[in-house]
Amino acid sequence: MTTATRTPADPWPAPTARDPVRAVVAVPGSKSGTNRALALAAAADGVSRLRGALRSRDTLLMAGALRALGVGIDHDGSAWVVRGGLGRRDGTPAAVDCGNAGTVARFTPALAALTDGDVTFDGDPRMRQRPLTPLLTALRGLGAVVDGDTMPLVVHGRGGIAGGAVTVDASDSSQLISGLLLAAPGYDEGVEVSHVGGRLPSGPYLDMTVTDLRAAGATVETEPGDPADPAGRPPTWRVSPGRLRAYDRAIEPDLNSAAPFLAAAVATGGDVTIPDWPTVTTQPGRMLPGLLEAMGAHAELTPQGLRVRGGAGLHGLDADLGDVGEAAPVLTALAVLADSPSRLRGIAHLRLQETDRLGALADQLGRLGADISVTEDGLAIRPAPLRGARLDPLADHRLAMTYAVVGLRVPGITVDDIATTGKTVPEFPAMWAAMLAA
């Protein structure tokens, strides 16, 4: 199987804002919502239509993975059209390229166990280092036959799987549990998953998984539990066996991808509105307005969308970001521009993302003169004079967007491999330029 490699390219000159940014920016659909919806539609009876869904590297990899499992998926120009019912492949071997997409790597092996035939999974070099072993161990406990504990690995599909109860240490990624839950309705006994281990990061994504399962007709029960109490009941999710229903669904805008554009308003003292910001959502990005207000901005939900305006100053932030870790890089960009120190906590799991985000932020922003220390569970940032430099996002879309935010205030920043933003925001450079030109 071939995997993506990085190719040299001229660095992207991050534009500096001459004036406060004032714009309305429509962001693409949620990556997390799109890939969960694709997985559920693949396992459902009938044809589903996913409107406003994201078309980016991660979602194209998910569509390709599901096609390899025998699912019919097309895009008609405005929506993904999914002909559900995981296909019986008559024992034909299949290969899945996960790229560097955690959702693909953690959602599709559990689905592959429902098909007939061997499925080989591989991905980018970084994917071979990302946590998968707890998921694969749990799948074996549920009756799956799996060779390997990291990529490349093989799931030997036998046309079905028993299911039952398992424990998983998901302290490195909540996706390890979501992957089991999304496939669970197709297992003979359903699945009961209990989390044992340290703090469960990005908990709201599990809320998203549960909400989406129920919307597709699944029966799901949850017990909050307390992973810190060895004598108590651990957090537990139960999904009953049953058929999922096809649906016509609109995917929400990606609130994580809105973060750099909202941060542009804060960094420049400007005014940015994101249309169609949901009034109620399970996306962790719903916490972003409050975090930006803590740094001195003003945020309000208007009939036109979420409006964020820069305040009289940009202040440091002391916050636990364990539930909203995807926003941590952009908040770090604002922190290095702030007039007081910041302490970002609860994000040790970011060491295991597309790259080690904590180490990369400290190293790369340090090239600008930023004063950043990596702590046990996050970052400590202190004000320091900044200068231009060439920065490498290390194939991480969130880091590339972070550097663009800093570049609004610091002349002379260039960014290698800006195309890596295509993982979640395919037109990021054009959208950034349009925002500044508004």
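Is Leu 262 buried or exposed? With 0% relative accessibility, Leu 262 counts as buried. Here buried means under 20% relative accessible area, exposed means over 50%, and partly exposed lies in between (1.4 Å probe, protein chains only).

This is a predicted model, in which local features need pLDDT of at least 70, side-chain atom pairs count only at pLDDT 80 or more, and totals for chains, interfaces and linings use all residues. Residues are numbered from 1 along each chain as its sequence is written, and side-chain values use heavy atoms, with hydrogens and water left out.

Start with the whole chain. The protein chain has 12 helices and 25 strands. Its radius of gyration is 21 Å, close to the 22 Å that the globule rule gives for 438 residues, so the chain is as compact as a globular protein of that length. That radius is taken over C-alpha atoms, and the globule rule is 2.2 Å times the number of residues to the power 0.38. Helices (H or I, at least four residues) and strands (E, at least two) are DSSP runs, numbered from the N terminus. Along the principal axes, the C-alpha atoms fill a box of roughly 60 × 50 × 45 Å.

Of the 438 residues, 59% count as buried. The accessible surface comes to about 15,800 Å². Carbon and sulfur atoms account for 50% of that surface. Such areas come from the Shrake-Rupley method with a 1.4 Å probe; for residues, only the protein chains shown count as cover. Contacts tell of the fold as well. Among those between residues at least 6 apart in sequence, 74% join residues at least 24 apart. A contact means heavy atoms within 4.5 Å.

Now return to Leu 262. Leu 262 is found in helix H7. Residues up to four places away in sequence aside, Leu 262 touches Val 272, Ile 274, Trp 277, Leu 288, Leu 292, Leu 306 and Val 308. Ala 63 is another matter. Leu 262 and Ala 63 are 199 residues apart in sequence and 30 Å apart in space, C-alpha to C-alpha.

Next come the aromatic rings. A pair of aromatic rings is described by the distance of the centres and the angle of the planes. Rings of Phe, Tyr and Trp (its six-membered ring) pair if their centres lie within 6.5 Å; planes under 30 degrees apart count as stacked, over 60 as edge-to-face and the rest as tilted. By this rule there are four aromatic pairs. In one of them, Phe 261 and Phe 428 are tilted, at 5.7 Å centre to centre and 55° between the planes. Phe 261 lies in helix H7 (residues 255–268) and Phe 428 in helix H12 (residues 428–437), so this pair ties together parts that are 167 residues apart in sequence. Both Phe 261 and Phe 428 are buried.

Phe 261 also forms a tilted pair with Trp 432, at 5.4 Å centre to centre and 55° between the planes. This pair too links distant parts of the chain: Phe 261 in helix H7 and Trp 432 in helix H12 are 171 residues apart. Trp 432 is buried, as is Phe 261. Together, Trp 12, Phe 261, Phe 428 and Trp 432 form one aromatic cluster.

Another ring meets a charge. The charged end of Arg 55 sits over the ring of Trp 80, 5.3 Å from its centre. A charge sits over a ring if NZ of Lys or CZ of Arg is within 6 Å of the ring centre and within 35 degrees of the ring normal.

Turn to helix H3. In H3, 11 of the 11 residues are buried, so H3 is largely enclosed by the rest of the structure. Thr 108 is found in this helix (residues 102–112). Its relative accessibility is 0%, so Thr 108 counts as buried. The side chain of Thr 108 reaches the backbone oxygen of Val 104 at 2.6 Å. Beyond its neighbours within four places in sequence, Thr 108 is in contact with residues including Met 62, Leu 66 and Phe 121.

Finally, look at the backbone in the loops. Most residues other than glycine have a negative phi, and most peptide bonds are trans. The peptide bond from Met 151 to Pro 152 is cis, with omega near 0°. Pro 152 lies in the loop between strand E9 (146–147) and strand E10 (153–158). Asp 276 is not a glycine, yet has a positive phi of about 65°. Asp 276 is exposed, with a relative accessible area of 62%. Leu 394 has a positive phi as well, near 55°. At 31% relative accessibility, Leu 394 counts as partly exposed.

Conventions:
A polar contact is a pair of N or O atoms within 3.5 Å; within protein, one must be able to donate a hydrogen and the other to accept it, and residues adjacent in sequence count only if both atoms are side-chain atoms.
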